[in-house]
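Please keep the sequence and the 3D view at hand while reading.

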Amino acid sequence: MNHSGALIGIDVGGTFTDAVVIDRGAVFRAKSPSTYPEVGRGVIAACKLAAEASGRSLDELLPDVTRFGLGTTAVTNVIATRRGLRVGLLTTQGFEDMLRLARARVEQVDGWQQSIPSLVERDAVVGIDERVDRNGAVLKPLNEDEVLKAGRYLVDTMKVDSIAVSFLWSFMNAAHEKRTIEILRKAFPDLPITGAAELRPVIREYERTTLAVLNAYSFGAYTGIESLANDLKTAGLKVPLLLCHSGGGTISIEQVREQPVWLAESGPAAGVTAASFVATMSGEAKALTCDLGGTSFDVSHIDDGAPARIQRGDLMGMWTALPRVDVESVGAGGGSVAWIDDRGMLRVGPHSVGSSPGPACYGRGGTEPALTDALLLLGYIDPKKFLGGRMVLDVEASRAACEKVGRSLGFSAVETAWGIRQIALAGMTQAARARLAIHALAAGEHALVSYGGCGSLFTSEVAHAIGAPRVLVAELASVLSAFGAATMDVRRERVRSLVRLLPTDAAAIDTAFTELRALALQDLTRDGVPAASQDVMFEADMRFAGQRWEVTVPLPSNPILGDGGVQIEAAFREEYLRRYGAAATDSAGVAELVAIRAIGIGKTHSSNLFSEAIGTKGRRTVAPSGQRPVQLNRTGAPTPVNAYTASDLTPGDTFPGPALVDIGDTTAWVPEAMQATMDQNRTLIVENRS
Amino acid sequence: MNIAMKQTAVDPILAEVIRTRLEAIGQEAAIAVEQTAISPIVTESKDYSVVICDAKGALVLGKGAIEVHFGAAMHGVQCTLRRHHNSIVEGDIFIANDPHSDGGLHPQDVVIQKPVFVGGQLVAWVALCAHMMDMGGMVPGSSAVHATECFQEALRMPSVRLYRAGVENTEMWELIATNIRSAALVTMDMRSLVIGANVCEGKLVKLITEIGADTFEGVAHTLNASTERVLRERVSRIEDGRYRLISWAEYGPSLYRIPVELTISGDRMVFDLSEAPPQVPHFFNSKPYIVQTVIIPRIRALLASDLPINQSIYNVIELTTKPGTLVDCVVPAPIAAAHMDAALAVACTAVQCLQLAIHASPRAWGRQYNTGSQLSAYGTGRWSYVGDGYQRNVFTILDGALGGSPAGHDRDGIDMSASLTPWGVKLEFSDIEILELAYPIVFHERRIRHGAHGYGQFRSGAGCEEAFSAHGTDQLLGNMTGTRAWFASAGLAGGTAGGTTSFRVVRADGRVEDLSPQSTGVQLAPGDRFETRCATGGGFGDALDRDVARVADDMKQQRIDQKTAEQVYGVVFAADGTINATESDKRRAAIRADRLKRATPPAVKPPVVEKLPNVEALPLYPGVVQYGQYAVAEKSGAVLAIAPGNWLNGCPVITSHFSKGDVKAISRSYLDPRTGAILHLSLDRADEGVPMDIQPARWAGTATSVAAE
């Protein structure tokens, strides 16, 4: 057995802290209430429970731990609730309004248009007399006296707690930004200072600046974690505590201390990363991941075992250059409300009942029918087994709510519920189709990994509609984020904007490769990754000259040097042709290299944890544990459907649809044309009948 | 050719499920366009759109940031059907750009159309529109402000085939490429629309094959019929009557007067533009379908923001025009800004007529969206320079389209938006770094314009202000188009008019040259600085009613200085620079009293009324209500007029004349005779009488009707 020590993964949620211990090929889990603001107490409590479940005390286990990963929404919450530090911004004179202009984007609220709120007050933005042009040439030297004066004004008059510095073209020539930071650090040694180019040297000043501002805003959000790291060290943990970042990897506390913003989207990242692990365990290199939350259906995808990433996007209402796992929230969630619009059309969402009062069936005073009510009334959800039986649901309340909505259309309660499910299903299918289109993915090559809420009641039909071969539902779904934290690779990115037409001067590209590799390796070493586990991959962001958005092209780990980008261009053209077809490039468009990225990976070596622990067994058909009536058709009587309990199944067990399977905290639906099989990793595979 | 058309309603669940799938298809086509187009005007400013029509060219669904394209795309399909009816086959792809015939909001917008066949039957159409950087003609960028005929403006294409039965019509591509500048770039943008059309058509074929052509038609019919029913019901809740305002189109200092009269009669809504002047030898003549398609997204935001956009809204909103006029021109009228200038001014005024009608209708839907007139201003520049190999490269800076919105009845306007409600366009700035990377320019500043707001109890938003120079080229050559350089956008309910558009050049030696918004051949050498300042909408309510805390915040936000605060808002500052509220109240009272002293008496002496009738007060205009036959200032109770008189004539008036160039203008403050508060502040050409006329039938005492179609 390839024993690489124990792994611990933690997910600090709003209510519960989940812990997962993976030890000697088995997974143990525990939940404990989250404790705020000192999250460490809740973490230690959850760890103790999980350790005990594994048969050892935490003190015994900790020295054996080779990976301790933690996901936290601490930074996410600070940004979402707008409770960060008071930030001042220094930028190039003439462009002080950059944040207020917000690229002229507006939001729509109740039929009105509204400006995008800025995290920085206008009078806490100071323009500095300096200018660099597109080539990095200095047009106006930095006025250093102004920098100090501006710093004093921000600190003394505006009382800021944190300063961001972001000048035009600083990613081409960072000298002015660096010198400004030096002056500020010397004058205000205790003040956190964020430099935009240092944080992320990429083109587009607006999103580079918003990222710097968000970073400045989030300083201090993670203080509870620092003391936790010390406590764990004292208790015997020999490896550094690593934190899950938005890109689906981990970073050290030391880096987070200076750059907290990387954690902003760690929750969704951990979920998709864990889903990719589930897919990989079952031998799927490509997959769509589907997470049905309370308000939306969140879709991402996995290519070659790695979650898809984006380099920029909307972060809680703010457009910013945060690289992260690319999750799109679309369509309806479990709490989405059904209603009749003025045209007499049945609609689902976007309004959601939230957790209070919640769907009518929660019995907390809700009277509007949510998607969950429809599923309950139709028989897909067993009222006694919701959330693993922790909550008993009121079917009659669902019936009353559905009836009320359907009355004006002349629909019965059940017919209304059927319609609600159909419309929600259409929305989820649309989301999956859009995902395939945006990334030019072939449906037939992608399994669906389903987790969260009651998503598995839909995903088999989504898969069928889009032509995906199968759906994977992991028994671990309820602690997937903690599982992700335990298994996530260390992942550190270094990027260099080059912005030049190809072919170009070979030295510039070669230097970028060499230096980026060195930096990435240095990052990995600092994060405690042993040299043998270090790996560096490269990507290039490419486009045709004039295009807005780049296509990310994977490059070999050992790129050919000295060819001035010929190899990169070839890879780009091939990728472009694959995505858009031959018609897209009639004229000889000029290829432009925008940036090169090095990705340092510290492998967790977790992928071989399971394969030897549980052997593969042959399939055998098993009998159901019971039957439940489900309203499959719009009208008429419900159909008796076989019901299974995943914990009763052993690997290799298989059965045909129609069937319902209670698995973990959720239920999966197997339509008539499909069958389900429990695989060796206790993942349920739903696919077309063989 | 066999056209499938069966119009039976389908079940609402099925309709919603299929609508969702159609949305997905439109979205996939839009994604394909955005990912493959080249020019920032498509990819960054998202100046493109995708529509799905039924077999007869009626709109089923539109996608993309520019809703104003939808009508042009439909028009294109309908014209193609007429022109090519019997010869349309599977695999054809058509292109059109000529607004006089088959398509385009202006010649730079091309409409790519592809019929969708299932089982040999024509079952649907897809059409995609986008703005091209150049379509040929006498100036780079094809906005020829000095053109006197459409023949000078651009290559004109009626609906012609780019592909015939799936085979590329290479001769057409060659013809296009021969006649336009930056041909490599523009044809790649056109190809991105072809790709989008193919994606859309492919997915539609799959869907319609699955559900059947009858079901598809049924869904289209159901979506349209159910939306039209709601729209008509909402129109019928607006008080019958006539609502009239004047719009102005500018050409340099020449003003063209286009009255807009809205008649509401039952569930019909008709905009009468028949008093428009004859067509002009300038580039902003327009066509009814273009005016309609510019109006519709704006009206949708007021009346149907919760409804899907489809054919029904085009059915409900009717226009009356006269051929040969500025808004219904014929060849050879130049037409390069058919959707801007005059059409835009008319559209904003039409929407304002509707807003006033809605305000005067207590039962109307959408009364909460009560704002000043949407901003019809813009100011854009097309620049060119000689690149490698003598090629003249063209680029457009759209930032001048970003003015500040008018104020609303309960809120300040917002910056960088023509309206407080959505208006069918979602333009975004490109980052400075992206512009400087793509073009030989360097920016000195880009900020929100200081001052120049429409003031009032609620103020307008601010427009953009920016300056750049040539950098990396010896010379930039530019031509501008723009509006509202002479005449600002008026306020509502006593708010002041907004700021005007301006372009100017500060030469390297310090000379300042003010430019007309229609300038060509503007030369910039390195060191010369080109400046754009955007207009803003008007304010809402009397500025003296503005909360002093809001005035203080405007100063903190660096929108106004202390002098403006004192002069416009009548606030008094203490020695420490804070506002003294008590002294401000006193000063404001003194200003109101002084206004009444300076005012000329009402044109029509209001009736003396002992006691107002004991009836419900009905709204006439923000701040003015109707008690039975009397129009009364809402706050003071002062009687202004007896029905059917125009209440403006019952107000004391302060008149001021001013002129800019040859334009002589008049501003009138209509006062509450009891308090001196400004009830309405108008801005008109000096020879204009009382231009605003709000006549709900219950006030006018007449039933209105419009001729049956």
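Across the interface of chain A and chain B there are 9 salt bridges. In one salt bridge, B:Lys556 pairs with A:Asp123, and the closest N and O atoms are 3.0 Å apart. The model is a predicted one, and every value in this report is computed from it. Polar contacts between chain A and chain B come to 31 residue pairs, counting pairs with both residues at pLDDT 80 or more.

On the side of chain A that touches chain B, several elements give two or more residues, including the helices α4 (98-101), α8 (205-218) and α18 (566-580) and the strands β6 (106-109), β7 (112-115), β24 (346-352) and β28 (534-544). The largest share of this side comes from α14(A), with 12 residues.

In total, 72 residues of chain A are in contact with 82 residues of chain B. Between them the two chains bury about 6,500 Å², and 54% of this area is on carbon and sulfur atoms.

The next topic is the interior. In soluble globular proteins, nonpolar side chains tend to be buried together. Here the largest nonpolar core has 164 residues, and A:Phe68, B:Leu204 and B:Trp383 have the most contacts inside it. Helix α6 (residues 183-211) of chain B gives the most to this core, namely 11 residues. Another core, of 117 residues, lies apart from it; B:Cys53, B:Met340, B:Val346 and B:Leu420 are among its members.

What does B:Trp383 touch, not counting residues up to four places away in sequence? Its partners include B:Phe395, B:Ile397, B:Phe468, B:Met480, B:Leu524 and B:Phe530, and also B:Asn393 and B:Gly478.

B:Thr349 is part of helix α10 (residues 341-359) of chain B. Buried means under 20% relative accessible area, and B:Thr349 counts as buried because its relative accessibility is 7%. Beyond four places in sequence, B:Thr349 touches B:Leu245, B:Ile246, B:Ser247 and B:Val260. B:Thr473 sits in the loop between β15 (464-470) and β16 (476-482) of chain B. At 12% relative accessibility, B:Thr473 counts as buried. With neighbours within four places in sequence left aside, B:Thr473 is in contact with B:Tyr385, B:Pro440 and B:Pro526.

The last topic is the backbone. Most residues other than glycine have a negative phi, and most peptide bonds are trans. The table lists some exceptions.

| Site | Feature | Angle |
|---|---|---|
| A:Gly349 to A:Pro350 | cis peptide bond | omega near 5 degrees |
| B:Ala643 to B:Pro644 | cis peptide bond | omega about 0 degrees |
| A:Arg204 | positive phi | phi about 95 degrees |
| A:Met316 | positive phi | phi near 45 degrees |

As for location, A:Pro350 is in strand β24 of chain A, whereas B:Pro644 lies in the loop between β24 (639-642) and β25 (653-660) of chain B. A:Arg204 is found in the loop between α7 (196-199) and α8 of chain A, and A:Met316 in the loop between β19 (313-315) and β20 (318-320) of chain A. A:Arg204 is buried, with a relative accessible area of 2%. A:Met316 counts as partly exposed, at 27% relative accessibility.

Definitions and conventions:
Residues numbered from 1 in each chain as written. Chains lettered and ligands numbered in written order. Predicted model: local features only at pLDDT ≥ 70, side-chain atom pairs only at ≥ 80, totals over all residues. Heavy atoms only, no water. Core = buried A, V, L, I, M, F, W, Y, C linked by side-chain atoms within 4.5 Å. Buried < 20%, exposed > 50% of the residue type's maximum accessible area, 1.4 Å probe, protein only. Helix = DSSP H or I, 4+ residues; strand = E, 2+ residues; numbered from the N terminus. Contact = heavy atoms within 4.5 Å. Buried area = accessible area lost by both parts, 1.4 Å probe. Salt bridge = Lys/Arg side-chain N within 4 Å of Asp/Glu carboxyl O. Polar contact = N/O pair within 3.5 Å; in protein donor to acceptor, adjacent residues only side chain to side chain.
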